[in-house]
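Good morning, and thank you for coming.

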Amino acid sequence: QVQLVESGGGLVQAGDSLRLSCAASGRTGSTVIMAWFRQAPGKERQRVAAISWSGRTTTYADSVKGRFTISKDNAKDTMYLQMNSLKPEDTAVYYCAASANNWSTYTYWGRGTQVTVSS
């Protein structure tokens with residue numbers, strides 16, 4: 001089992017920055033891909049960004065490319081999402097997820113952290 005705990009959400013204004021953190025514990029060595037998802041009210045969950053275990057491979061949703069950066073520190077078992085130039089449409093609950101197999105199937109999930117961007 002892997003436990004994931006997100007932190008760093010909050011209320012900010014458009015144009016501001018936030019950094020989310022995801023602290024992992026348990027059998028973290030079994031995870032090969034980690035990702036950030038988000039879900040806004042009335043909308044489907046969307047994968048925002050994902051990163052390989054080594055950190056060398058990353059992928060982003062088109063809506064956040066150039067504004068968000070995903071990274072991880074394996075020594076600290078922590079993943080980050082640096083969010084710059086935030087927009088009101090970035091408002092959502094952000095979830096940390098981990099996969100033991102591939103880029104598509106995520107077994108482990110955190111409880112989420114709220115990000116609200118005011119205009």
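In which strand is the place of Tyr95? Tyr95 sits in strand E9. Please bear in mind throughout that this is a predicted model.

Let me stay with Tyr95 for a moment. Apart from its neighbours within four places in sequence, Tyr95 is in contact with Glu6, with Ala35, Trp36, Phe37 and Gln39, and with Trp109, Gly110, Arg111 and Gly112. Tyr95 and Tyr80 are 15 residues apart along the chain, and their C-alpha atoms are separated by 11 Å.

Now to the chain as a whole. The protein chain has 0 helices and 11 strands. Read from the N terminus, its elements run β-β-β-β-β-β-β-β-β-β-β. The radius of gyration is 13 Å, close to the 14 Å that the globule rule gives for 119 residues, so the chain is as compact as a globular protein of that length. Along the principal axes, the C-alpha trace spans about 40 × 25 × 25 Å.

How much of the chain counts as buried? The figure is 40% of the 119 residues. As for contacts between residues at least 6 apart in sequence, 54% of them join residues at least 24 apart. The accessible surface comes to about 6300 Å², and carbon and sulfur atoms account for 45% of that surface. On the charged side chains, there are 13 positive and 8 negative ones, and the centres of the two sets lie 5 Å apart.

I return to strand E9, which covers residues 92-99, and to Ser99 within that strand. Is Ser99 buried or exposed? Ser99 has a relative accessible area of 0%, and is therefore buried. Its side chain reaches the backbone oxygen of Asn102 at 2.7 Å. Not counting residues up to four places away in sequence, Ser99 touches Ser30, Thr31, Val32 and Ile33, together with Thr105, Tyr106 and Thr107.

Next, the loop between E9 and strand E10, the latter being residues 108-109; Trp103 is found in this loop. Trp103 counts as partly exposed because its relative accessibility is 29%, which falls between the 20% and 50% limits. Which residues does Trp103 contact, leaving aside its neighbours within four places in sequence? They are Ile33, Arg47, Ala50, Ile51, Ser52, Thr57 and Thr59. For one of these, Ile51, the separation from Trp103 is 52 residues in sequence and 8.7 Å in space, C-alpha to C-alpha.

Thr91 has a relative accessibility of 21% and counts as partly exposed. Its side chain takes part in two contacts that I would point out. The side chain reaches the backbone oxygen of Pro88 at 2.9 Å, and it reaches the backbone nitrogen of Val117 at 2.9 Å. Beyond residues up to four places away in sequence, Thr91 touches Ala40, Gln114, Val115, Thr116 and Val117. Thr91 and Thr116 are 25 residues apart in sequence, with 4.5 Å between their C-alpha atoms.

Ser85 has its place in the loop between E8 and E9 as well. Although Ser85 is not a glycine, it has a positive phi of about 50°. At 42% relative accessibility, Ser85 counts as partly exposed.

Where is Asp77 found? Asp77 is in the loop between strand E7, residues 68-73, and E8. Asp77 is not a glycine, yet its phi is positive, at about 50°. Its relative accessible area is 32%, so Asp77 is partly exposed.

Finally, Thr78 is found in strand E8, residues 78-83. With a relative accessibility of 13%, Thr78 counts as buried. A polar atom of the Thr78 side chain lies 2.9 Å from the backbone oxygen of Lys76. Leaving aside neighbours within four places in sequence, Thr78 is in contact with Ser21, Cys22 and Ala23, and also with Lys72 and Asp73.

Thank you for your attention.

Technical notes. Residues are numbered from 1 along each chain as its sequence is written. This is a predicted model: local features need pLDDT of at least 70, side-chain atom pairs count only at pLDDT 80 or more; totals for chains, interfaces and linings use all residues. Side-chain values use heavy atoms; hydrogens and water are left out. Helices (H or I, at least four residues) and strands (E, at least two) are DSSP runs, numbered from the N terminus. Buried means under 20% relative accessible area, exposed over 50%, partly exposed in between (1.4 Å probe, protein chains only). A polar contact is a pair of N or O atoms within 3.5 Å; within protein, one must be able to donate a hydrogen and the other to accept it, and residues adjacent in sequence count only if both atoms are side-chain atoms. Contact means heavy atoms within 4.5 Å. The radius of gyration is taken over C-alpha atoms; the globule rule is 2.2 Å times the number of residues to the power 0.38. Accessible areas come from the Shrake-Rupley method with a 1.4 Å probe; for residues, only the protein chains shown count as cover. Lys and Arg count as positive and Asp and Glu as negative; His and the chain ends are not counted. The place of a charge is taken as NZ of Lys, CZ of Arg, CG of Asp or CD of Glu.
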